[in-house]
Structures are given as structure tokens and as C-alpha cells.
4 protein chains.
Amino acid sequence: MAGSVFGTAFQVMTWGESHGSGLGVTVDGCPAGLPLSQEDVQRYLDRRKPGQSSFTTARREGDEVEILSGIFEGKTTGTPIAMMVRNQDQRSRDYSAIRDVYRPGHADFGFDRKYGFRDYRGGGRSSGRETIARVAAGAVACRLLEEYGITVTAYTKSIGGFEVAPERFDLAERDRNSLYMPDAVAAAGAQEYLREVMAEQDSAGGVVECVAKGVPAGIGEPVFDKLDACLAKAILSIGAVKGFEIGDGFAVARSRGSQNNDPFRVDASGHVLKETNHAGGILGGMSDGSDIILRAAFKPTPSIAQKQRTVTTSGEETEIAIAGRHDPVIVPRAVVVVECMTAITIADLLLRGKAARL
Amino acid sequence: MAGSVFGTAFQVMTWGESHGSGLGVTVDGCPAGLPLSQEDVQRYLDRRKPGQSSFTTARREGDEVEILSGIFEGKTTGTPIAMMVRNQDQRSRDYSAIRDVYRPGHADFGFDRKYGFRDYRGGGRSSGRETIARVAAGAVACRLLEEYGITVTAYTKSIGGFEVAPERFDLAERDRNSLYMPDAVAAAGAQEYLREVMAEQDSAGGVVECVAKGVPAGIGEPVFDKLDACLAKAILSIGAVKGFEIGDGFAVARSRGSQNNDPFRVDASGHVLKETNHAGGILGGMSDGSDIILRAAFKPTPSIAQKQRTVTTSGEETEIAIAGRHDPVIVPRAVVVVECMTAITIADLLLRGKAARL
Amino acid sequence: MAGSVFGTAFQVMTWGESHGSGLGVTVDGCPAGLPLSQEDVQRYLDRRKPGQSSFTTARREGDEVEILSGIFEGKTTGTPIAMMVRNQDQRSRDYSAIRDVYRPGHADFGFDRKYGFRDYRGGGRSSGRETIARVAAGAVACRLLEEYGITVTAYTKSIGGFEVAPERFDLAERDRNSLYMPDAVAAAGAQEYLREVMAEQDSAGGVVECVAKGVPAGIGEPVFDKLDACLAKAILSIGAVKGFEIGDGFAVARSRGSQNNDPFRVDASGHVLKETNHAGGILGGMSDGSDIILRAAFKPTPSIAQKQRTVTTSGEETEIAIAGRHDPVIVPRAVVVVECMTAITIADLLLRGKAARL
Amino acid sequence: MAGSVFGTAFQVMTWGESHGSGLGVTVDGCPAGLPLSQEDVQRYLDRRKPGQSSFTTARREGDEVEILSGIFEGKTTGTPIAMMVRNQDQRSRDYSAIRDVYRPGHADFGFDRKYGFRDYRGGGRSSGRETIARVAAGAVACRLLEEYGITVTAYTKSIGGFEVAPERFDLAERDRNSLYMPDAVAAAGAQEYLREVMAEQDSAGGVVECVAKGVPAGIGEPVFDKLDACLAKAILSIGAVKGFEIGDGFAVARSRGSQNNDPFRVDASGHVLKETNHAGGILGGMSDGSDIILRAAFKPTPSIAQKQRTVTTSGEETEIAIAGRHDPVIVPRAVVVVECMTAITIADLLLRGKAARL
């Protein structure tokens, strides 16, 4: 009930803070018999690692995952899979600048009001490092979905005003630039923009898009646990996300029924398909067999070196300039997090759906 | 696990289909001692009733709620509050036109794939009438929030391209026009647009905005059950919603940290406030004391009288023209549903938060 | 979280009080395609009806169930099955004798301390009538288990010191006597004992035993949701139960490993069987393929006509003699309740188990 | 849903196997501000350690707990408390004797049927070492309950036929003998009995009793999550438990209402008390302010050195003699486990109860 558990059938519980011993997750409900190795998980964690370009923090994080349970002779046993990443870079620092001040755009104020005090070192539980646990669990979910022929792929859709152009979309390009943008031209523009933003001690926002292919029709539980509702929760639970769209998203508000409805047709082999996919692969809260397409809007990194007006914990107005290493944009490192939360959600509803029929 | 339960502390379970005996909801976990009458609930249900203008269906629905349990001497007892609305208009009809055909934009196909068959009368569980149960439960949540000084108010933000202008915003106007738009000029434009859409046997989409005032700081559970994550799920679980925003929403993607961060300040009486509210009242997944502001994008009503291409349940291509009474736009009647789902979510997290401290 | 929900995959939520409008239950997660009729449910409710012998209350309860949703063309649709039984016998009575006094052996005191006040009419939510909702849901569970070749049968094992003798056990006899005892001799003794108890304005306790046949091996979730743990909760959640045993129960404390372990063997057709069943069909929290056998100890009916010492709600010592119609023993009418809670639990874990393998 | 989560408000998720990297637990929902140290937890773990007498296994287990998160400056932060104990004694052994054989009285057969295969090294997830995670979480629960003036104390009630005599009951004696029996005479008898049992390569069962003092009235959620129902689940979820009693337990079956009802009275300071406590501190599923008293029956250790008949995984009849270090009786080391599961359950329902009133 305290919010560290996600999912019902494929259920994860995470723990850890940015400046504690480490971060971890336990996955309960992964079916037995799934081949799973440390490398399967590490591969995903490596994608969210910082220090890979000038746009991510210089903090050296090894972020090696240890799988502590649930695997026997290379396969999942059906029992909980516990995983842990130790924090390595916990050098004692001077936190006096942020200990008694509420950083604008951060969770500091809410934590104090909720719990009466807070772990003021680097954001504690609301740090971006919290996503390590999500990615470890998501890597397991991706491995599981693979068995069902499902793939989940996310990428940077836009940073600031620089957006991937449909006609230049090239997924292979995604892994060639440090912004995870599947469009070299847009990436070049965004990089220039970020340099400018950094020069001004400021930060930028952007959009991540995610596509799940191969999801069979009928996944999702009508009424409250609709597939899109669960995905929305999964995505909004990632820090800094302020918007969510499925399929055409907000554009549907200006569309008409005759445009927005996707006609059904039958292909050569007798399968029912949709001609278009304005719905983003979800109708009535259940997958419809088309690609599931969602987008998440990330706000600019709240930690900026510019001076900002704020108040102290004792209620005095003051100013704060946040020193230290902070990504000028959250989006590139969030790509794998969106992928992972999407995979966890689909895996959960896929397993839940097994009980829908006799 | 089958998706008809929402919430943890303030927990609702709904039931019912458009063409069955009725619709209902049981609310478990409403605190004891809350004054609650049938009128408190009926007032909310009346707001979603159809037949109130030329833009809503002509179907006569009395939609009188009966409270079956949980109230003693005018107050909640702490035990489940069961409520039911009987379906009155169940005249036997000819469903042959839709029984064997998947309606584009509807859940028909997913239901068949998930369960092996479906209740083909009017959408069954995916009908808009399902929201009756949400509204009944939401009315109780609103009554509960009132005790804590919290109000939740939604309205139509836009229909098609006709959007409420900030400078003309007038909440009192909301209840004066049939579109629930707090801007008479935008409402007039939207009405004209809807007449045009109807003439073309088509339908329109739009956006609902919702504001919660008086929510104390610290509501929401860090990590997965963030207040915004839970709201996103609540809102996306409403049929036809394809997008969700909190605060500035997708606009944050083009903003900068220095613009998007809301500075804190202290008011005359020593309270910590934010100068702006780009965050929409939520930081780090917890309420920050400012107004909570969210938006939901609704797709155009999928049932249209125009001919559409589709396939039969036996896999043959065909055409369908959906006869009968259908709103040309879902938005006006969805306003109270958004309000209610928002209230249920806040009530749930408010009660959950009581266990956060010793 | 307020305790009116049971189960995860086969999930029930109940509502209602003894002197309100009625009692009901919603079953979410019953698989689609199960043939189910009103008669299937009514048959179980009829077994818990009072007024069937001199040992049950004279209160006339029609207890006709209405199925409100979830069934289409005689089969479950996979959506919630809501059921309701109206209270018929709500004649206005004088509650002054119990309104301000805590009845010994009842929940009155706890309700007042928990909620600040209580529905003092006949026990409210803690009335025996609350089991109507369990039986309606259990009837659905029994119908579902039938599809999997599983039957659940309970009977009165003992009343006071009168116990079914193994050598006289005859299940057919169970339905021939009003005490639901599968042993005519023990039933005759118990009836004589009850007449004596009634003459003394007192009440009696007893034990119900329940056997589930046909449960395949491997049902139950290791660690916390063991089959026996879930059964224990299910059974102890029935009012008046004070003890629970699985298999040999408390007798294991005096047994030895060499006696208590059940040897495995292989039958003619190659199936693995156990030679004995001290385990009561559950090993390591999972069914082992043998009959599941459990027992529940019921305390004597707390409402007795004898004078008892107690206190008033304002804290003064007083005496109370509880007038009205009360069964001198709870056990016979509880038999079907034990059967139903057992069936719900097995159905739930059976469905949950579907996600254990790829 | 896979059963490794217990509780709702005070929620624990455990992981680990007897022969994997270690065992652990994450506690989510422990209120913020509770002073908690490694020693607070270690003290409880030390009580379940083996190797402390001739009646426990010789296996050297350091069982040092590491607290990985959730504590800041010596106090809980309200975020998840992750704890881990590494397995130290994982020397490579020859498992061929048990790999392909179902040990009588063990979970082997169920695991194979449920998951298709199993971790055959020492029981895997169904090993007694699994209770390490329960004890670590229970230590936190005990610390929390202390803040509310609640203590939970368990002890060995009986081993074989040797039972604590009420007139000799001396809690201080509990910690003076290796059987945790609060009666030196009974302990001496039981020790003699155990030596005899061991000489015969056999094992013994027994009963643990647990008392919770200081629980305020009104804890427990009516209907399904009754305090006794949740305790029953908690206790039966411990491996080897086959029976559960609250208060007078099975003796109520032979009692009468006039004997079994506990009269209420008022003490000198105006507090409502019960004169007797046949109910074991729970009425209508809620605490009644008296001591909560429960008992758990443990079966004899299933691993015995005697030859037993069984079958191989390929379905051939065979014999097995289980070598290695095994306690001749589970009870003494289970005492702290019963205490911990009781504490977790009460802590959970205490926190849940905070939402019962406005």
C-alpha cells in the first residue's frame, strides 16, 4: 500500500535510495522455466548508465547487477527473482546546501510534509537512480515477452522542438547517437540545442515513444485494469513524466469518428487486421493485435545551476543554485525505463489473462 | 485481478452491463461517521444522464440510485456501501446487425479474442453506461473529500478545435450550457461544429480538464503509486480516453528547467506556496499543496451512422452503419466521470497516507 | 483494505447487514463460458436457510437470489457476477435492550471502538446473515470447480461431545437429519443434547469437517499464499470459528515423523499416490493430489436467553438476557458456508496457478 | 499473486532459497520516524539460529543481516526497508539421493507438478531457512508495535505429550532451556523424549503458543480480514503448521454459550474489561482489548534417517533414508517465527485501521 509494488501476476517490489547501500527489486510471479542470465539483465542496465556522452552525468556508476534468487540451472524456478545493484559512489559530501532547502521541481517539500523529515542526500527514494530497479525487473519482463513473440522498443521522439521526422525514422540510428533518436538529423539539431541549454545553466524536456509488437488481441482487463490504463500508470510512475498518450493521443480531440475509427480487414491468411492504427493497438482497454504505441512527455531536469527562488525548511525565502552533475535532459536515459515499464505492464496483463477462460 | 476493482483504502468494485438488470458498485473502506444520503449520490448521477440536450442520446434513463447498505441513521458505518441503478430501457431489439460484426473503434474484437464470445447487446461491459457505477462511487468520494476541505471540479476544455479561452473562463457558465463548457463563446462555436458533424453522420472528440483544490501536500505514495500515476490510471480507465496530462503536460517537452520549475515562496501567514503551477500540483508523485490540474483527451464517439468497412466474426469483410441513439461527442457527459474518478483516486491516497507516520 | 474482498483471481466483494435492504456479493474473475443459472446458486442458499428444524430460528427468510450481471445466454461472460438477496423480515422492533449494551461473545464492543458507533440492529455486518453473500459466491465457485472435476463436501463432525464415528460414516445420511451429520446415531445423540441445552437457555458448539476431492497436485502458492494458509484464513473469517485443522491437525504434535509422513507409491496406471493422508492433501502449501481435509471449530451461539453480566456503552455494569430467535448451535447452518469458503479458496488458487508456467 | 507478499499496509515481500545466494525481505509501509538498528533485527535472527543445542542442526549459520535501505540517521524514512542474509554454508554436495526422489512429507512432489521441475538442493524455497526473511521483517514489526505499547511473546507449549503446566508456567524459564519451554519440568521431560526419538532415527511434533499484550480494541477488519483470519493465514503459512487455535480453540466445540461468553465488566479507572478470555482477545474478528492468545500445531520434522517408501520422479517405487543434519523437532526454532508472523499481522491491521474513521 506504500507504493513500492507494481503488478499483480508479474509483481515487482523495489527498494533503495541514491545514497544508501544500493538499489534492488524482487520479481514475484515470473513463470517457471524461462532461461535467464545475469547478462540478460545487465544488457538493459547498461543502456541507462550515465557517463556515456557529454549529455549525461560524469558519475561513474558500475551498476553491476547481482541476481540473488529464483534461478536454478539457468532457468527461472517460479519463485521470486531478487536482484541488487550496489551503490559505489557514495563519497561523503557536503549536503548543507540542500539539506534545509526545498529544491524547486523536486519532491523535497512533499517528502517533508508526508513523513515529517527526509533523506536529503541526492533525492533519496525520488532520485533517478530508483529506475535501476525498474530496468532490472523490466529486463526480465522483456525476456519473458520474447517467449511469446512480443518485442518492446522505445526511443527519443523529441527533445525541445527537435522531433523525429516520420520520413527519416530509422531504428538502427537510435543506437548510433547518444540521444537514442532514430533520426540523425533531428539528433544533430537536438545536440546543438542541448549545448546551448547547458551553456545557459538550464535544462530541456522531451518525449519518448514506445512500440510493442506482437501482442495478441485480448490482453488487458476491462473496466479499471485496461491495458492503456495500466500503461498510463506505469509510465506516469516514472519521475518527471507529465503526459501520456496512446495511439493518436491528444490529436483525437480534433479528429472525427470517421477518421479515428480503424477499419477492420482480413489478410490473405485469414487474420483480422486493422487498416490504420489511430487506436495505438488498444480498443476498449484490450490489445487489438496491432502495434501498441505510446508516448511519454518528460519535463526538463529540475536540477539546474541557475539561481532559483525557494524557501528553507524553516520557512524563510532564499535562493538556491544546484551544483553537481546533472543531465541537461532526462530523456535519453529514460528511453530504456519506458521500455521496461511497458514490458512489465504487458507481461503482467498477459499472465493475468490466462485465467480469463476455463 | 479481473479488473473491476479500483483503489486500495477507498476501494470500489463495479458490475453491470448496458443491457442487463442494471449497474452497481460497492464501496469498501469509506470511513465511518460520514453523513451520506441518496440525494448526495443522485445529484452526481443526474449530471451524467442523457437526454438533456440535442447532443446527447434520446434514451430515457431514470437512473435512480438505490443505496443498499453501509448507511445507518444517515451516516456511513465503515462497512461496504452498495449502490445499484436498474436498467429501465431494455426493450427487446434486433441485434443482428452488430451480433456478428466487429464495430470499428469498439471493444467487440478484443472481447471475442479474450473470452471466446461476447454479450453483443450494446457493448455489454464496455458500454458508456458502465460509468454509472463510477459516478455513484465518485459521489461518495466527493462527499468524503468535502470533510477534508477538498473540492474536485471538471469541465469541458475543448470540443474539436473549440477551446475554452483562459480570459473568458467562467465556471458558473459551465452549468448553463449543455456542453459543460465554462466559456459561452467557445460553447457556441462547439455547438455549431457539432451540428455540422451530426449532419455528416459523424462524431467529434474533445478534452476534459479537472481541478482539485485544497489537497494538502504529501498525498501520493512514492515510486509506483504516485498521485499522478494513480490519476493517470483512473482517467485512462474511462472508455475513449487516449491521452492524459498533469499540469503543463506535453508542453513541458519544449520548456526549460528555469521556466518549468515552480519557485517556492512563503505567504503572509507563513505557509509555503508555489509562485507558479507548471507542475499541476504534483511533485515527485506527491501533492505539493497547489491546485491539482489534469486533462483527458476523449476520442470521437466510435458509433457513427456512416458506413464503415469491417469484418464479421467469421472473418468476412463487410460494411456496417451503426443505427440508433448515440451522442455525437462523449465529452459533456464524461465531465462528471472525470471528476468522480479524480475524487476516488484522491480519497484513496488520502486514506492510505494516514499510515505514513507513527 | 477494509476487509470485504476475498481472493485475487476469483475475487469476491460482499456487502450488507442483517437489518438493511439486503445482502450481496460481486464475483470478479470467474472465467468466461461457464454455464450458470439462478438455480445453481439458489440450491446452495437453500441449504443455509433457517426454519428447517426445531434447532434453527423460526425467522422466515425467503432468501431468493437475483443474479444481476455477468451472465449472457446462460453462460458467464468473464465480467463481474453481481448477486443480491433482499432482506424480507425487517419489521420494526424494539432494540432498546441491546442498543446501549455490549452483548458478551459478540462484536458490539469492537465495532464501537473501531468506528465510534455501530448499527445495533441484530449485529449489523457481523450477523450470521452475512454468510448469505459467501454462499452465493461459493455456489459459483463450486460450479466452476465442477468443470475441473473437483467436488467440495462438508458435514457436521461433532456437536458438543457427539461425534461422527468413522465406522458409521455415511454421507447420504448427512442430508437426512437436520444437523447435517453423516451418522444417524451421533445425530440422535446430538439432538437429545441440544434439547437439553435449549431447556437450559444455553447453546452448544461443534466441529465442521470438509473434504475436497479431485484437486490436482500443485495448487497453492509457496510461502505466504499456501493452500492451507488461504484455507485457514477463509475458514477463520467465518464468524464463530475458533480453530482450524488440516489433515491430522493438532494430533501431529504427538505424532512422529515416521508415522506422520505419507509414503508415496505408484498405482497400476502409473499415477503417483500417497498411501496415507495424514497431511490432509497439502504438502509445502501445495495440493498433493490426495483429498484435502480440513476442520473448523465453532463456538456456541453467543446469543443466549440466560442472564449474563456485561456493561453498557456508557460504562455501567448491568445484566442482559438476549430474547428472540437464535439457533442453539451454529454448526448445521455453517456446513454449507464452510463448503463455500473452501470452494472459493480452491477456485482462486486454481486460477492463479495458471500463470505458474510459460 | 505468486504468494511471496504478505500484508497490505505493513507489506513484506520475501525471496531466497536454502542453497542460493541468500535470503531477504523488503518491508514496504513501515511508518516514518521509527528508530531501527541492525541490532534490533539481528537479535531476533539470533533466536532462530541453529547450532545452539543438541536438538538443532550442527550447520553453522552466521545469519548476519544487512539492512540495505529505508533507514536514515537511525530512523525509518517511510520507504522500503530491504534486508538480506547471505547463505554461507553452500558447500557443493552430492544431491543425487534426493534429486530424483520425492521425499515424503516434503513439498518436492508439489513443486514438480506446479512448475515442471524444482530446485532439488535442500528444499529450495520450501526450506526452513525461508523463515529468516519472516523473522527479519517480524523484528521490524515488533519494533513498531513497541511504539504502540504492544508486545508479542511466543514459547513452546508442548513437544510430543510433554506440555507446559499452567501452574508451573514461568516465562523467564523459556530462555533458560534450549526448547524455549516456560516450564523446566516439562522441558526436562521433552528433552528425554527427544533423545529417545533421535535414537530411533525419528522426529517429533509440538505446539507453539503466542500471546500479544496491549493490543487496543477494534483492530481487525470485519468480514474477510478479521484479525483471527489474518493470524490464521500468517501462522499456517509457516511450513509444517497443521493446526491453529485462537483462545479456547477446539475446546469451544464442547463448551456452552454460558461458559464460553466472556462477561464484560468495568475496572476502577472506568475501562471496559472482560472477566475471562475464552475468546483469546478477538470478538467478531476485532481485538477486544484482552490478551490475544493463539496456538500453532507443528508436525514432526519430515526429514528422518529411517528408511521410507516413496517414488522417483520417473515414477518408480523406491526407498529413501534422508541423511544430513536435521532438527528432530521444528518447534523450538519456530517459536520466534510464530512471534514474528503474529507481529507482522497485528502491525498490518493496526496501520490499516487508521483509515477506519474520518
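What follows is a short exchange about how the chains meet in this predicted model.

Colleague: What makes D:Glu200 and C:Arg256 a salt bridge?

Modeller: Their side chains come to 2.6 Å, N to O. The cut-off is 4 Å between a side-chain nitrogen of Lys or Arg and a carboxyl oxygen of Asp or Glu, so the pair qualifies. Across the interface of chain C and chain D, the rule finds 10 salt bridges.

Colleague: Which element gives the largest share of the side of chain C that touches chain D?

Modeller: Helix 3 of chain C, residues 108–115, with seven residues. That side of chain C divides into 49 nonpolar, 32 polar and 30 charged residues.

Colleague: How many residues are in contact between chain C and chain D?

Modeller: 111 residues of chain C and 111 residues of chain D. Contact here means heavy atoms within 4.5 Å. The area buried between the two chains is about 8,800 Å². Carbon and sulfur atoms give 60% of that area.

Colleague: What makes strand 11 of chain C and strand 11 of chain D a pair?

Modeller: Three bridges join them. Pairing needs at least two, so these strands pair. Each strand covers residues 241–246, and they run antiparallel. For one of the partners, look at C:Gly243: its bridge partner in strand 11 of chain D is D:Glu245.

Colleague: Why is the relation of chain C to chain D called that of a two-fold axis?

Modeller: Chain C can be laid on chain D by a turn of 180° and a shift of 0.0 Å along the axis. The RMSD is 0.0 Å. That is the relation of a two-fold axis.

Colleague: How do you know that the copies meet through the same surface?

Modeller: 100% of the interface residues of chain C are also interface residues in chain D, so the surface is the same.

Colleague: Now chain B and chain A. What makes B:Glu275 and A:Arg309 a salt bridge?

Modeller: The closest N and O atoms are 2.5 Å apart. The limit is 4 Å, so this pair counts too. The count between chain B and chain A is 10 salt bridges. There are also 47 residue pairs in polar contact, both residues at pLDDT 80 or more.

Colleague: How do you know that strand 11 of chain A pairs with strand 11 of chain B?

Modeller: Three bridges join them. At least two are required, so the strands pair. They run antiparallel. In strand 11 of chain B, B:Glu245 is the bridge partner of A:Gly243.

Key. Residues numbered from 1 in each chain as written. Chains lettered and ligands numbered in written order. Predicted model: local features only at pLDDT ≥ 70, side-chain atom pairs only at ≥ 80, totals over all residues. Heavy atoms only, no water. Buried area = accessible area lost by both parts, 1.4 Å probe. Helix = DSSP H or I, 4+ residues; strand = E, 2+ residues; numbered from the N terminus. Nonpolar A, V, L, I, M, F, W, Y, C, P; charged D, E, K, R; others polar. Least-squares fit on C-alpha atoms with pLDDT ≥ 70 in both. Polar contact = N/O pair within 3.5 Å; in protein donor to acceptor, adjacent residues only side chain to side chain.
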